[in-house]
Amino acid sequence: MTTTTGFDVATVRADFPILSRTVRDDKPLVYLDSGATSQRPLQVLDAERDFLLNRNAAVHRGAHQLAEEATDAYEDARTAIAGFVGAAVDEIVFTKNATEALNLVAYTLGDDRSAAVHASATPLGEGDTIVITELEHHANLVPWQELARRTGATLRWYGITDDGRIDLDSLVLDETVKVVAFTHQSNVTGAVADVAEIVSRARAVGALTVLDACQSVPHMAVDFAALGVDFAAFSGHKMLGPSGVGVLYGRASLLAELPPFITGGSMIETVTMEGSTYAAPPQRFEAGVPMTSQVVGLGAAVEYLEKIGMDTVAEHEHALVVRALDRLSAIDGLRLVGPSDAERRGGAVSFVVDGVHAHDLGQVLDDEGVAIRVGHHCAWPLHRRLGVAASARASFALYNTEAEVDALADAIVVAQNFFGGR
Ligand SMILES: Cc1ncc(COP(=O)(O)O)c(C=O)c1O
């Protein structure tokens with residue numbers, strides 16, 4: 001399948017050997033779970049392997065050639081990743097995953113030493129409000145609950161519309177709001193947030209914005225500076241890169257005011273027995289020997305995506321979503337959990353099928369070779385709000401094909417027939 005932009009999915013798939021394996025009695029694997037974790041191309045594996053075979057050493061500490069080369073490889077990857085998301089190099093902090101990045105922000109914003117980042121120039125506390133949305137993945141919900149608990153601030157949230165978008169009419173921000181944290185693209189409903197509008201509302205009351213970009217950065221061109229968000233987080237393993245590496249973006253002037261999250265080696269300026277001073281960002285937030293080959297692999301993933309072009313990736317995935325919505329909405333007894341049109345919508349397509357529990361559905365699909373996610377997708381409150389205990393989710397990446405979308409739709413019908421739902 002070659003698109004109008006010349007994107008050839010077959011050539012891309014050749015870079016991902018795992019996609020040509022079979023599962024369950026020799027069925028071709030149809031991998032539709034990239035929202036959970038994506039597959040890695042040979043180019044990423046080669047970059048990690050080359051690093052480990054030829055340049056492996058602890059970064060930022062050795063005086064020998066290998067240590068210098070390892071540090072260069074690590075910092076070159078930082079430069080590539082920063083460029084990919086419209087950030088300056090010192091605005092990119094490596095963490096273990098996006099969850100850790102979000103915890104880093106939530107934790108440090110509650111420290112009294114970060115008073116200067118708040119418009120009031122006072123530490124977060126009673127009388128202040130933290131705002132999230134009902135769409136959030138637990139990774140962008142629980143850390144804010146904890147921050148509220150620790151500081152005495154109040155947690156509030158935007159509700160959602162029945163088709164799974166943030167309902168901007170459901171909450172009015174006021175001067176007590178210090179932080180607004182929200183997902184760029186829902187990992188359940190696929191809805192893409194109106195970032196500009198939320199940022200402008202938050203700014204109007206002096207609140208900081210934190211964007212969970214886990215499901216957007218892998219799928220479309222994202223420029224954090226242009227979006228105007230203050231902080232953002234995303235994961236390597238959802239964007240063709242390794243697991244064990246996440247990224248925190250923070251505006252330089254804000255990172256400079258935040259105290260450390262995890263402390264120890266590599267993040268200090270001076271240390272005496274009585275106390276320490278801390279290095280400038282990003283080192284301040286990268287205590288210990290970092291996940292070096294993973295960062296190098298993520299740099300290679302960025303290079304891979306840039307070579308194809310994020311607009312091309314987005315266009316291809318959009319075509320898959322259009323087809324998925326078309327095929328799935330034609331199935332009797334299937335209800336989409338999320339917008340039924342493809343406007344401002346990304347590649348997570350969730351649904352429930354009358355009379356078939358999501359887990360049973362997942363099992364039959366698996367028997368057909370179709371790998372999807374079932375459950376609450378780490379978004380329990382959202383499922384409660386939508387009145388479903390569990391849903392099934394197909395999520396796409398650049399290597400998926402329209403034939404795989406058809407395989408999904410056909411497998412759902414097989415499940416319905418099996419459970420007598422039709
Ligand atoms: C929207 C969203 N936020 C945060 C996360 C957490 O990512 P990680 O588990 O890599 O930290 C995920 C992963 O599923 C996600 O989909």
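User: Let me start with a single residue. Which residues is T71 in contact with, once its neighbours within four places in sequence are left aside?

Analyst: Happy to begin there. This is a predicted model, and in it T71 touches V59 and H60. T71 itself sits in helix 3, residues 65-84.

User: Is T71 buried or exposed?

Analyst: Buried means under 20% relative accessible area. T71 has 16% relative accessibility, so T71 counts as buried.

User: What does helix 3 pack on?

Analyst: Strands of a sheet pair through backbone hydrogen bonds, either parallel or antiparallel. Here 7 strands form an open sheet with mixed pairing, in the order 4-10-9-8-7-5-6. Strand 4 and strand 6 (154-158) are the edges, each pairing on one side only. On average, neighbouring strands are turned by 20° against each other, direction ignored. Helix 3 packs on this sheet and touches strand 4, strand 9 and strand 10, with its direction at about 115° to that of strand 4. Helix 4 (residues 98-109) packs on the sheet too, touching strand 4, strand 7 (177-183), strand 8 (208-212), strand 9 and strand 10. The direction of helix 4 makes about 155° with that of strand 9.

User: How do I read the two faces of strand 4?

Analyst: In a regular strand the side chains alternate between the two faces of the sheet. In strand 4 (residues 92-95), I92 and F94 lie on one side and V93 and T95 on the other, and all of them are buried. Both faces of strand 4 are therefore covered.

User: And how many bridges join strand 4 to strand 10?

Analyst: There are 4, and the two strands pair in the antiparallel sense.

User: How is helix 10 oriented against helix 13, roughly parallel or roughly antiparallel?

Analyst: Compare their directions. The axes of helix 10 (residues 310-329) and helix 13 are 9 Å apart, at an angle of about 20°. That makes the two helices roughly parallel. Their contact includes R323 and R327 of helix 10 and E402, D406 and D410 of helix 13. By class, the contact residues are 8 nonpolar, no polar and 5 charged.

User: What about helix 11 against helix 13: at what angle do they cross?

Analyst: The axes of helix 11 (residues 358-367) and helix 13 (residues 402-418) come within 9 Å and cross at roughly 120°. These helices are therefore oblique to each other, and the crossing is right-handed. L361, V364 and L365 of helix 11 make the contact, with residues of helix 13 including L408, A411 and F418.

Terms used:
Residues numbered from 1 in each chain as written. Predicted model: local features only at pLDDT ≥ 70, side-chain atom pairs only at ≥ 80, totals over all residues. Heavy atoms only, no water. Buried < 20%, exposed > 50% of the residue type's maximum accessible area, 1.4 Å probe, protein only. Pairing = 2+ DSSP bridges. Axes fitted to C-alpha atoms, helices over the stretch in contact; angles between N-to-C directions. Parallel < 35°, antiparallel > 145°, perpendicular 65-115°, else oblique. Left-handed = near helix turned anticlockwise from the far one by under 90°. Contact = heavy atoms within 4.5 Å. Nonpolar A, V, L, I, M, F, W, Y, C, P; charged D, E, K, R; others polar.
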